[in-house]
Amino acid sequence: MVREQRERGRRLEITCFFEELPLLVVGKVVSKESATIEGYMSSETVAFVGLGGIGKTQVALQFAYSVKANKQEYSIFWVAALSEASFEKAYAELAHMLGVKKSKEDEDVKDLVHYHLCSEKAGKWLLIVDNADDMEVVIGSNEKHGIYRYLPKSESGRVVFTTRSREVAVAVAGSDIIDLREMTQEEATAFVETSLTRKELLQDEATTVELLRELTYLPLAIAQAVAYLNQNQISVRKYLVLLRGTEQSKVSLLSRGFHDRTRYEGLQNAVATTWLVSFAQIQRSNKAAASILGFVSCIEPKAIPRSILPEVEPEEEMEHAIGTLRGYAFLSQRGDEEVFDMHSLVHVATWVWLESEGLIEQTTIDAIRHIEKAFPPSDQTRRKKWRGYVPHGLRVLNRSSWCQIAERCDLFMTVGSCLRIKEAIEIFEHVVAVQKRTLANEDYARLTSEHALARAYLDDEMVEEAIQLLEHVVAVEEDLFEEDDPDRLVSLDLLTDANRRLESGSGPD
């Protein structure tokens with residue numbers, strides 16, 4: 001099956017899941033398709049590519065053990081390509097294991113290992129180059145060679161790369177690329193069942209499915225959630241409430257590290273920080289892509305019109321910047337539409353990245369100024385376009401209450417002109433209706449939308465509708481927040497005002 005797809009020029013996609021292996025040194029690993037990967041052994045080089053946390057290393061581990069069990073004539077070598085230093089250390093260990101020694105002091109051990117594996121006496125071998133994410137480390141630059149120079153080529157050998165970067169994958173493997181995707185719901189549920197120590201928590205099947213959907217079936221996110229549940233002995237429902245809470249709560253939860261014996265020492269395990277190294281690589285190699293990444297962190301992660309993105313000249317540079325972000329799976333395009341989505345967990349991580357770099361304020365200010373300038377006129381002829389901008393304008397406005405620049409006031413006026421009362425109510429009612437179907441009562445985003453709709457109702461003198469909605473919001477916030485929480489106090493004040501207006505039959509003061 002795999003060979004057929006390769007020969008037809010199709011990209012092979014593998015869905016990852018975790019299962020308990022009999023080899024305890026591997027831990028909890030991967031892929032129902034791992035046996036079929038051998039179909040790619042006819043290629044000298046193959047690259048596993050996918051989002052950080054998708055399980056590339058675990059797939060490679062499973063593949064290595066499969067080859068070890070079924071093709072015993074193969075020697076299997078593993079090198080980490082996190083950096084030049086990690087590669088150098090791995091090759092030094094390989095040289096010692098292979099009995100390759102320097103005959104002269106100035107000889108490079110990497111060259112010696114390369115020559116040995118290219119020779120017939122090396123026999124058949126499989127070399128796995130793990131975490132080859134940095135183009136400069138792998139391919140090199142004008143100033144220095146990359147590690148690719150030292151990778152052997154032999155009819156008796158095969159090389160497998162794991163990488164987050166499609167640019168690296170194409171450079172080293174051409175069309176022989178295997179895309180790794182998120183788990184299915186069934187696979188994710190099986191992983192949780194295997195990993196969770198308190199099996200009784202799984203009795204609430206509906207909540208477990210909700211949690212897995214919220215985590216987008218990403219293996220690392222699920223592993224982190226299970227570790228948190230095991231350590232803190234809380235319910236699945238409680239974890240889901242934390243995950244759907246305030247932005248600060250979500251960032252704190254997803255930034256909490258956990259032990260994972262299949263990941264390298266020093267690497268970030270937490271979901272919100274695992275992509276920081278990729279963000280740093282983009283920042284070094286493609287400033288335009290880094291600028292777009294920062295901008296998107298300030299707006300809604302879904303339904304992003306290309307036209308709202310910061311302009312990059314010339315056009316080819318813009319294509320390359322977007323292609324870089326798509327290559328890391330940080331952005332995905334909706335078919336042939338000029339509309340993009342960002343992975344929701346990556347969106348959280350970009351905010352953590354900006355915070356760690358001290359860039360939140362400036363990036364937010366730049367985003368406000370850009371959107372205010374780019375926002376289309378609110379006339380009916382451009383209705384479709386400005387309606388696509390409104391959610392992104394609202395998002396950056398809601399996250400920037402500290403910002404006092406004049407452009408923020410201008411953007412408020414611009415967005416407000418698109419949201420006349422009747423129209424605003426229509427939009428807010430639609431949002432709330434969708435969120436009622438997709439989000440829990442206590443989800444912070446849903447509460448925020450319901451609060452905004454209640455305000456719009458009051459502005460339109462729909463007092464009874466506002467009271468009904470505010471009573472629901474206040475009841476939910478009573479269970480979620482402390483008595484002096486600002487959000488809770490604002491909702492209580494608004495409900496009090498609405499009841500006063502109902503009793504007096506008056507409008508707003």
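In the predicted model, helix α21 passes helix α22 in a left-handed crossing. The axes of α21, which spans residues 444-459, and of α22, which spans residues 463-480, come within 8 Å and cross at roughly 150°. Since angles over 145 degrees count as roughly antiparallel, α21 and α22 are therefore roughly antiparallel to each other. On the α21 side, the contact is made by Arg446, Leu447, Glu450, His451, Leu453, Ala454, Tyr457 and Leu458, while α22 contributes Val463, Glu465, Ala466, Leu469, Leu470, His472, Val473, Val476, Glu477 and Leu480. By residue class, the contact of α21 with α22 divides into twelve nonpolar, two polar and four charged residues.

A separate element of the model is an open sheet of three strands, arranged in the order β9-β11-β10 with antiparallel pairing. The edge strands of this sheet are β9 (304-305) and β10 (331-333), each of which pairs on one side only. Strand β11, comprising residues 339-342, runs antiparallel to β9 and is joined to β9 by two bridges; within this part of the sheet, Pro305 stands opposite Val339 of β11.

For the protein chain as a whole, the secondary structure comes to 23 helices and eleven strands. Buried residues account for 52% of the 509 residues in the chain. Among the contacts between residues at least 6 apart in sequence, 70% join residues at least 24 apart.

Note on methods. Residues numbered from 1 in each chain as written. Predicted model: local features only at pLDDT ≥ 70, side-chain atom pairs only at ≥ 80, totals over all residues. Heavy atoms only, no water. Pairing = 2+ DSSP bridges. Helix = DSSP H or I, 4+ residues; strand = E, 2+ residues; numbered from the N terminus. Axes fitted to C-alpha atoms, helices over the stretch in contact; angles between N-to-C directions. Parallel < 35°, antiparallel > 145°, perpendicular 65-115°, else oblique. Left-handed = near helix turned anticlockwise from the far one by under 90°. Contact = heavy atoms within 4.5 Å. Nonpolar A, V, L, I, M, F, W, Y, C, P; charged D, E, K, R; others polar. Buried < 20%, exposed > 50% of the residue type's maximum accessible area, 1.4 Å probe, protein only.
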